[in-house]
Amino acid sequence: MNSALRLALVGNPNAGKSALFNALTGSRQKTGNYPGTTVERRAGRFQTQHGLEVNVVDLPGTYSLSATSPDQVVTREVVLGQRDSEPLPDVILCVVDATNLKLHLRLVLELKQLGRPMLIALNMIDLATRDKIDIDVDALESALGIPVIPTVAVRRSGVKELSVELSNHLNDLVEEAAKTKPLPAWQPQDLKSLQKEAGRIAKVATRSEGIEHVMTRRLDALFLHKIAGPVILFAMLFVMFQAVFAWAETPMEWIDMGIGALADWLIASLPDNALRSLLVDGVIAGVGSVVVFLPQILILFAFILALEASGYMARGAFLMDRIMASVGLNGRAFIPLLSSFACAIPGIMATRTIDNPRDRLTTIMIAPLMTCSARIPVYTLLIAAFIPNRAVSGVFNLQGMVLFTLYLAGIVSALIVAGVLKRTVTKGASQSLLMELPKYQLPNLRDLVLGLYERVKIFMARAGKFILTTMIVLWVLASYPAPPADAVLPDIYYSYAGQIGRVLEILFAPIGFTWEIAISLVPGMAAREVFVGALGTVYALSGSEDQIATSLVSRLQNAWSLPTALAVMAWYVYAPQCLATLAVAKRETNSWGWMFFMAGYLTAIAYLAAGITYWTATAIIG
Amino acid sequence: MPDISTAAENQVTLADMRYGEKGRIASIASQTAENDAGLAARLLELGIMEGAEIEALHRSPFGGDPMSVKVDRTIIALRRADAGTIIIERLNGN
């Protein structure tokens with residue numbers, strides 16, 4: 001009757017559920033949100049050995065069905081069939097960590113009470129074997145009354161076996177699913193007695209308790225060490241930001257050359273008219289100057305994904321807790337804030353793991369102060385143009401150090417703002433830190449690649465739609481009306497964009513911004529990196545053909561003073577102009593007021609910081 | 001909240017345990033002034049309940065707070081104020 005079976009993956013956080021999902025579905029997966037929420041919905045499909053089509057949904061990890069955070073509520077609602085958008089799954093596949101049977105079996109028992117067709121993936125069985133844990137799968141099966149399939153999600157072989165086993169079981173379960181009666185009303189269960197029962201079953205099914213995860217103990221002794229711990233954390237972040245610069249350089253040059261070649265080819269093959277100008281000066285100059293930063297974004301995300309997958313991220317949260325506590329937050333805020341270095345949007349969404357509404361609001365408010373990857377294009381451009389590329393003390397690169405300082409300025413500001421907010425508008429007791437420190441694992445390449453692929457898709461889609469549209473609008477504004485015949489200034493000065501820029505210039509002149517900068521800030525509202533594209537368009541259009549060929553870097557060197565460049569960098573530490581961030585802040589806080597508060601306070605600080613930088617630099621340089 | 005002074009000789013709070021010390025959870029004070037009401041439920045979610053075996057592990061380099069502990073096979077980070085509500089019966093030598 002139904003074309004495809006609906007399978008839901010459920011499990012504790014850190015059970016290896018997402019790795020299993022990736023292994024089953026490969027690249028045939030889609031991510032989106034559950035309607036009316038910002039909880040990420042991951043779904044995909046695969047075919048079993050028997051040719052059965054299966055639709056899989058990877059539900060947010062949860063320790064218990066009675067958990068209260070928004071994403072865990074989604075998990076409960078889906079397995080209970082209470083979400084309108086999501087049909088009741090035919091079969092639940094509960095993913096269990098074989099090295100932590102007792103805790104993970106509790107969720108199995110909770111799910112079992114629902115009386116739905118169910119399977120268990122006894123995951124990370126290889127790690128259990130390595131720790132000399134010996135589990136009697138048959139005994140576990142008969143104690144639970146649920147089929148158990150040992151799996152190693154990170155290895156292809158383990159997944160093939162799972163696929164075969166799933167195939168064998170699913171046919172029976174399809175019939176069972178069709179017969180299952182509607183769910184009885186769900187009631188939270190007594191976790192204590194379930195925990196005891198889980199402990200009893202774990203004992204029955206475990207032939208040998210094994211030894212503890214030695215690697216985790218040794219690595220914790222290092223990473224949480226009094227001196228080594230903080231040093232390693234700081235060094236890791238420093239290396240991460242240096243890598244973003246050093247490793248990305250060559251691929252960025254390639255992309256740059258490719259874009260240049262494309263523009264040259266268009267200039268050579270099209271007649272000199274408005275269409276060619278739109279393509280070369282609008283589309284290619286604009287989108288190209290954003291796409292060129294793809295390598296840096298990839299490297300940053302690769303670091304964040306690897307840190308998360310390895311289990312180190314939670315140790316970072318542990319080390320940062322005291323600092324977070326001093327401004328009234330807890331270490332958990334470290335993870336959303338670190339994600340915000342990639343992009344404030346997933347960062348703000350990740351605050352959902354913070355249960356306390358006031359702590360969550362504070363974290364949302366400061367997330368945009370973390371230097372997101374969209375600001376990298378702005379920083380890279382300005383640093384390349386104005387900061388000499390030379391070594392400092394033989395080891396450090398001056399450009400890298402300036403970048404690091406800009407990041408640091410954002411972090412310090414975020415802590416100050418959080419401290420102020422917690423003493424004023426979000427006043428009240430904060431929630432203390434309580435979180436699992438998962439065992440260390442080598443990040444799996446496939447999971448990293450899939451994660452990166454997902455991010456690249458999002459980035460390219462943004463460059464494709466959002467940025468392309470604004471670039472075309474900007475090109476129109478910058479190209480019309482045509483300059484008078486006796487024009488002495490660049491063409492753009494006479495255009496609509498020039499007129500808007502000249503009005504804005506009145507506001508921005510005191511902090512050293514030129515009218516070209518003022519114009520570029522307007523489309524920069526769409527996304528921060530568009531500022532660079534807009535500068536590209538503005539300066540490309542304000543010169544002759546051969547000047548367009550001159551790179552934006554040398555163009556800026558001639559056009560801006562050093563204090564102006566520094567002021568723009570300071571502006572971008574706070575820069576509130578990202579409509580997507582404001583939109584997600586509105587959605588997550590469910591309040592226009594908080595959204596406007598965020599935009600307002602960021603703009604005020606940005607203006608002040610840029611001003612102070614400009615005035616100070618001017619006074620020093622003279 | 002249980003009165004620690006009258007507790008048996010081998011009882012301490014989790015916050016007072018040193019690295020590597022092991023014990024069994026005797027009781028958990030449901031709520032104190034410093035802790036939020038949901039604490040007991042959140043502890044239970046992670047498997048921290050009466051009767052569970054627990055081992056004190058690392059302390060944060062910054063003021064010794066938070067600390068990490070091991071319950072069964074799960075390593076958990078928690079703050080000292082919360083650890084202070086958990087009464088442990090020491091296990092000697094084994």
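This is a predicted model: local features need pLDDT of at least 70, side-chain atom pairs count only at pLDDT 80 or more; totals for chains, interfaces and linings use all residues.
Where they touch, five residues of domain 1 are in contact with six residues of domain 2. Colour the domain 1 side by class: two residues are nonpolar, three are polar and none is charged.

**Stop 1: the sheet of chain A**

Show chain A as a cartoon and pick out β2, β3, β4, β1, β5, β6 and β8. In that order, these seven strands form an open sheet with mixed pairing. The edge strands are β2(A), at 29–33, and β8(A), at 148–150; each pairs on one side only. From one strand to the next, the twist averages 25°.

Strand β6(A), residues 118–123, runs parallel to β8(A), and three bridges join the two. Which residue of β8(A) is the bridge partner of Ile120(A)? Select Val148(A) to see the partner.

**Stop 2: the nonpolar core**

Stay with chain A and select Leu93(A), Cys94(A) and Val96(A). The largest nonpolar core has 206 residues, and these three touch the most other members. Helix α25(A), residues 562–574, gives the largest share of this core, ten residues. Both domain 1 and domain 2 of chain A contribute residues, so the core lies between them.

**Stop 3: where chain A touches chain B**

Bring chain B into view. The contact takes 28 residues from chain A and 28 residues from chain B. On the chain A side, α3, α7 (191–205), α9 (228–246), α13 (312–326) and β12 (434–436) each supply at least two residues. Helix α13(A) gives the most, with five residues.

Colour the chain A side by class. There are 14 nonpolar, seven polar and seven charged residues.

Next, zoom in on β12(A). This strand pairs with β5(B), residues 74–78, in the antiparallel sense over three bridges. Select Glu436(A), and look for Ile76(B) opposite in β5(B).

**Stop 4: a sheet across two chains**

Zoom out from that pair. Which strands make up the open sheet of seven with antiparallel pairing? The order is β12(A)-β5(B)-β4(B)-β3(B)-β2(B)-β6(B)-β1(B). At the edges stand β12(A) and β1(B) (11–13), each with a single partner strand, so one side of each is left without a neighbour in the sheet. Here the twist averages 40° from one strand to the next.

Walk through some of the pairs inside chain B:

- β3(B) and β4(B): residues 53–59 and 67–71 pair in the antiparallel sense over four bridges. Ile54(B) stands opposite Val71(B) in β4(B).
- β2(B) and β3(B): residues 22–28 and 53–59 pair in the antiparallel sense over three bridges. In β3(B), Arg24(B) has Glu53(B) as its bridge partner, and Lys22(B) has Glu55(B).
- β2(B) and β6(B): these strands run antiparallel and are joined by five bridges, with β6(B) at residues 86–90. Ser27(B) has Ile87(B) as its bridge partner in β6(B).

**Stop 5: chain B as a whole**

Trace the elements from the N terminus on: β-β-α-β-β-β-α-β. Chain B has 94 residues, and 41% of them count as buried. Now look at contacts between residues at least 6 apart in sequence: 64% of these join residues at least 24 apart.

Technical notes. Residues are numbered from 1 along each chain as its sequence is written. Chains are lettered from A and ligands numbered from 1 in the order in which they are written. Two strands pair if DSSP finds at least two bridges between them. Axes are lines fitted to C-alpha atoms, for helices over the stretch in contact, and angles run from 0 to 180 degrees between N-to-C directions. A nonpolar core is a set of buried Ala, Val, Leu, Ile, Met, Phe, Trp, Tyr and Cys residues joined through C-beta atoms within 7 Å. A residue is buried if 20 or more other C-beta atoms lie within 10 Å of its own, exposed if 12 or fewer, and partly exposed in between; C-beta atoms are placed from the backbone. Domain bounds come from an automatic or database domain assignment. Two residues are in contact if their C-beta atoms, placed from the backbone, lie within 7 Å. Ala, Val, Leu, Ile, Met, Phe, Trp, Tyr, Cys and Pro count as nonpolar, Asp, Glu, Lys and Arg as charged, and the others, Gly among them, as polar.
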